[in-house]
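Visitor: I have not seen this structure before. Could you take me through it by way of a few questions?

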Amino acid sequence: MFKKLLSIIVFVGASVTSFSQLSFSSDSSYSQMVPGVFTKCSITVSNTGNHDVMVSWRMINSTLKDFGNPDGSWAIGYCDCVQCYFNDFNLLIQQDSCPDAMAPGESVDWYITIDPGTVAMANAEWIVEVHNYTDDIKDTISYFLLDHPNSVKKINYNAEVKSYPNPANNELVVDYTLTNVNNPVLSVYSLLGSKLESFPVNKANGRLNVNTSNYENGMYFYTIEENGQRVFIQKFNVVH
């Protein structure tokens with residue numbers, strides 16, 4: 001059984017998730033944008049095993065205002081295992097590999113830096129698949145960039161959510177209690193970010209039973225959203 005309390009106006013990073021050799025300081029990191037200031041949204045990637053691992057990554061979903069967006073471009077950087085990449089009049093890099101293996105005990109901050117400047121702001125996300133290709137295992141980490149509180153009405157969204165079983169076979173049960181969420185929708189996505197289905201949910205609390213019998217084996221994630229703004233996100237596996 002999994003239980004998680006989330007307030008998306010503050011940084012989230014108390015739990016540690018892991019797969020094989022690699023551990024993450026958090027599944028997801030949140031940061032508020034400030035016009036004219038580079039803010040940082042960070043997750044620490046660590047090798048907690050006893051042998052070297054080679055790592056690569058690729059962006060699997062993004063709503064950042066990048067080059068070519070009709071609303072303009074935010075100043076964006078993404079820093080992985082060894083270097084930072086910036087969108088200076090180009091698309092932000094979509095994937096790369098660490099040139100050297102991560103040694104046992106090594107930890108590196110992987111982070112987004114962003115300055116929206118004078119371009120209109122909206123909540124945005126950057127979801128990355130991390131591939132430990134020494135052991136051929138993949139997982140995802142997510143970065144969420146939030147509106148500056150002075151640009152829109154500031155609302156503290158809270159979601160207390162637990163989902164089980166994980167892995168799911170024919171059904172995933174989601175129990176939830178929500179605060180300041182008036183029109184919540186629970187949506188299920190593939191690991192690549194494709195929306196599979198959505199369900200309106202009670203705005204205060206309740207239980208939703210998601211039929212996973214037709215899902216292929218693999219990793220998915222579900223969100224609770226308020227008018228397109230994500231209040232909660234959690235990964236789960238399906239194994240038949």
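Guide: What follows is a set of questions and answers on a predicted model.

Visitor: In what order do the strands of the open five-stranded sheet lie?

Guide: The sheet is open and its pairing is mixed. From one strand to the next, the twist averages 20 degrees. The five strands have the order 4-12-11-6-9.

Visitor: How many bridges join strand 6 to strand 11?

Guide: Strand 6 covers residues 55-62 and strand 11 covers residues 124-132. Within this pair, Ser 62 stands opposite Trp 126 in strand 11. The two strands run antiparallel, and the number of bridges joining them is seven.

Visitor: Is strand 5 mostly covered or uncovered?

Guide: Strand 5 runs over residues 39-47, nine residues, and seven of them are buried. Cys 41 has 1% relative accessibility, under the 20% limit, so this residue counts as buried. Strand 5 is therefore mostly covered.

Visitor: In which sense does strand 5 pair with strand 10?

Guide: Eight bridges link strand 5 and strand 10. As one example, Thr 44 has Asp 109 in strand 10 as its bridge partner. The sense of the pairing is antiparallel.

Visitor: Is Thr 113 buried or exposed?

Guide: Thr 113 is found in strand 10 (residues 107-115). Leaving aside neighbours within four places in sequence, Thr 113 is in contact with Phe 38, Thr 39, Ala 75, Ile 76, Gly 77 and Phe 86. Its relative accessible area is 12%, and buried means under 20%, so Thr 113 is buried.

Visitor: What pattern do the disulfides of the protein chain follow?

Guide: A disulfide is a covalent bond between the sulfur atoms of two cysteines. The structure holds two disulfides. One joins Cys 79 to Cys 84, and the other joins Cys 81 to Cys 98. With bonded cysteines counted along the chain, the pattern is 1-3, 2-4.

Visitor: Is the disulfide of Cys 81 and Cys 98 left-handed or right-handed?

Guide: Its sulfur atoms are 2.0 Å apart, and both Cys 81 and Cys 98 are buried. The torsion about the S-S bond is about -115 degrees, so the disulfide is left-handed.

Visitor: How many residues apart in sequence are the parts tied together by Cys 81 and Cys 98?

Guide: Cys 81 lies in the loop between strand 7 (75-79) and strand 8 (84-86). Cys 98 lies in the loop between strand 9 and strand 10. The pair therefore ties together parts whose separation in sequence is 17 residues.

Terms used: Residues are numbered from 1 along each chain as its sequence is written. This is a predicted model: local features need pLDDT of at least 70, side-chain atom pairs count only at pLDDT 80 or more; totals for chains, interfaces and linings use all residues. Side-chain values use heavy atoms; hydrogens and water are left out. Two strands pair if DSSP finds at least two bridges between them. Helices (H or I, at least four residues) and strands (E, at least two) are DSSP runs, numbered from the N terminus. Axes are lines fitted to C-alpha atoms, for helices over the stretch in contact, and angles run from 0 to 180 degrees between N-to-C directions. Buried means under 20% relative accessible area, exposed over 50%, partly exposed in between (1.4 Å probe, protein chains only). Contact means heavy atoms within 4.5 Å. A disulfide is a pair of cysteine sulfur atoms within 2.5 Å.
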